[in-house]
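I'll jot things down as I find them.

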Amino acid sequence: MSASLNFTPESACGNFLGRITKWNDPAIAGPNKGVSLPAEDIIVVHRADGSGTSYVFTDYLSKVSSDWKDKVGKGTSVNWPAGLGARATKA
């Protein structure tokens, strides 16, 4: 059985800003009491190409984090501070 994880706006921003790098970081473990989280690296993946999905997600991050808003901002294509870019697949 797998557990669902809860992410706060702060932990989501921390992941994509590259500040939270381990699954067992207190920012993730705190809202997930009772879930055994490994001390392993988080692999952040984001869209490499511009997209409406990226705009919606970066708009959300900009609304919940002034740090994200000031350092990265919102847009269909942004300079992601952390993670691996992946291109969309065609169906």
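Entry 1. I'm working from a predicted model. I started with aspartate 67 and arginine 19, whose side chains meet in a salt bridge, with N to O at 2.2 Å. I then checked where the two sit: aspartate 67 is in helix 4 (residues 66-71), while arginine 19 lies in the loop between helix 1 (9-17) and helix 2 (26-29). They are 48 residues apart, so this pair links distant parts of the chain.

Entry 2. Which other residue does aspartate 67 pair with? I found lysine 71, with the closest N and O atoms 2.7 Å apart. Both belong to helix 4 and are four residues apart, which means about one helical turn separates them. Lysine 71 is exposed, with a relative accessible area of 55%. Putting my entries together, Arg19, Asp67 and Lys71 are linked in a network of salt bridges.

Entry 3. Next I looked at arginine 47 and aspartate 49, whose side chains also meet in a salt bridge, 3.0 Å from N to O. Arginine 47 is partly exposed at 27% relative accessibility. Aspartate 49 comes out at 16%, so I wrote it down as buried, the cut-off being under 20%.

Entry 4. How many salt bridges are there by this rule? My count is six.

Notes:
Residues are numbered from 1 along each chain as its sequence is written. This is a predicted model: local features need pLDDT of at least 70, side-chain atom pairs count only at pLDDT 80 or more; totals for chains, interfaces and linings use all residues. Side-chain values use heavy atoms; hydrogens and water are left out. A salt bridge is a side-chain nitrogen of Lys or Arg within 4 Å of a carboxyl oxygen of Asp or Glu. Buried means under 20% relative accessible area, exposed over 50%, partly exposed in between (1.4 Å probe, protein chains only).
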